[in-house]
Structure formats: structure tokens, C-alpha cells
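Please open the model in a viewer and keep the selection panel at hand. The stops below are given in order of visit.

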Amino acid sequence: MNTIKKSIEHFIYKLDPKNNIWKATETDIKAIKLIAEFTEEKLNQQFNDNQLFAKLYITFYGELLKYYDTTVFDNVPQKSLHQILDTPIEVLIQKFLDKANLQEQTLEHRKKNGIKHPEQVDTSDINPDAIAMTFDEAQHNLKTMINMALAKYN
């Protein structure tokens, strides 16, 4: 059973007198219906309590559909999103930091050299190991930005 909902449906099927699998009493039927209602209510409440997360999930999921050039019937975008959610926050901060540091260098390089044909570009001034921000600075800044967004939109 993958989900609580499927598990409940399994028991409802077995308790249904038409299927004659289990001899369910009226109390059994009431109990499983109450569990099903409680579970549905709990899932709805969870969704309502996490609207900010839901907004980001929905938006990014849509972007991944475009990125993978697929539809909602393909599970690759969802797996990709869930892989991010499974990743420790420190790893995500480090990936962000790497991108931010490279972006800082890229912008500086572009200011100095302008936009040219790739064969005319001298990239010797780009140091992939240069640090515009430390991990601690990135972590602090991200925490601050996230907390400000939570305070504003929650």
C-alpha cells in the first residue's frame, strides 16, 4: 500500500458486504468510515496549513514539466522535485553558494569584457574557486530572506 488513502480503500473493499470477504459489523463499517473522513480532513488541513510550500511546489513542478518537456503523466519531474526535498539543507546551501559565487564572477567578467562571440572571449580572469560569499554568510542571508518571506506571507 503506497498511501493511507489506498490502505483505507483496501479495508472498505474488504468490509463491503457485496464483496463478502470479511463479515463486517455495523461498528466496523462506522469505524472505517470515520477513519477515512478523519484522514481526508487531515490531508486537507495539511495542505491548507502549508500554502507557501504548496505555491513553491506547484510553481517549480510546472517549471520542471517544461524543463523535461513532458506532462503530469510522466513521473520524472516529480521525482526530480522529491530528490530536492530529500537533499539535506546544507547541501542545497552549498549548491546555491557555488552558483552565487560563479554568477558574481560572470557578472564582473561581463562588465569588464562586454558580450562577445565565444571565440573572442578571454576567460582567463574567471577563477572558479573565487569566493564572493562564505557558506556561513550564505546560510545567514538565506535564513534571513526565508524568515522575512515567512513573516510577510504567513
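**First stop: Thr39**

Select Thr39, which touches Ile4 and Ile8 when residues up to four places away in sequence are not counted; contact means heavy atoms within 4.5 Å. This is a predicted model, in which local features need pLDDT of at least 70 and side-chain atom pairs count only at pLDDT 80 or more, while totals for chains, interfaces and linings use all residues. Residues are numbered from 1 along each chain as its sequence is written, and side-chain values use heavy atoms, with hydrogens and water left out.

Thr39 belongs to helix 2 (residues 26-49); helices are DSSP runs of H or I with at least four residues, numbered from the N terminus. Because its relative accessibility is 12%, Thr39 counts as buried (buried is under 20% relative accessible area, exposed over 50%, partly exposed in between, with a 1.4 Å probe and protein chains only). Display the backbone oxygen of Ile35 as well: the side chain of Thr39 reaches that atom at 2.8 Å.

**Second stop: Tyr13**

Move to Tyr13 in helix 1 (residues 4-15). With 48% relative accessibility, Tyr13 counts as partly exposed.

**Last stop: Tyr153**

Finish at Tyr153 in helix 6 (residues 135-153), a residue that is exposed at 53% relative accessible area.

Terms used. Helix = DSSP H or I, 4+ residues; strand = E, 2+ residues; numbered from the N terminus. Polar contact = N/O pair within 3.5 Å; in protein donor to acceptor, adjacent residues only side chain to side chain.
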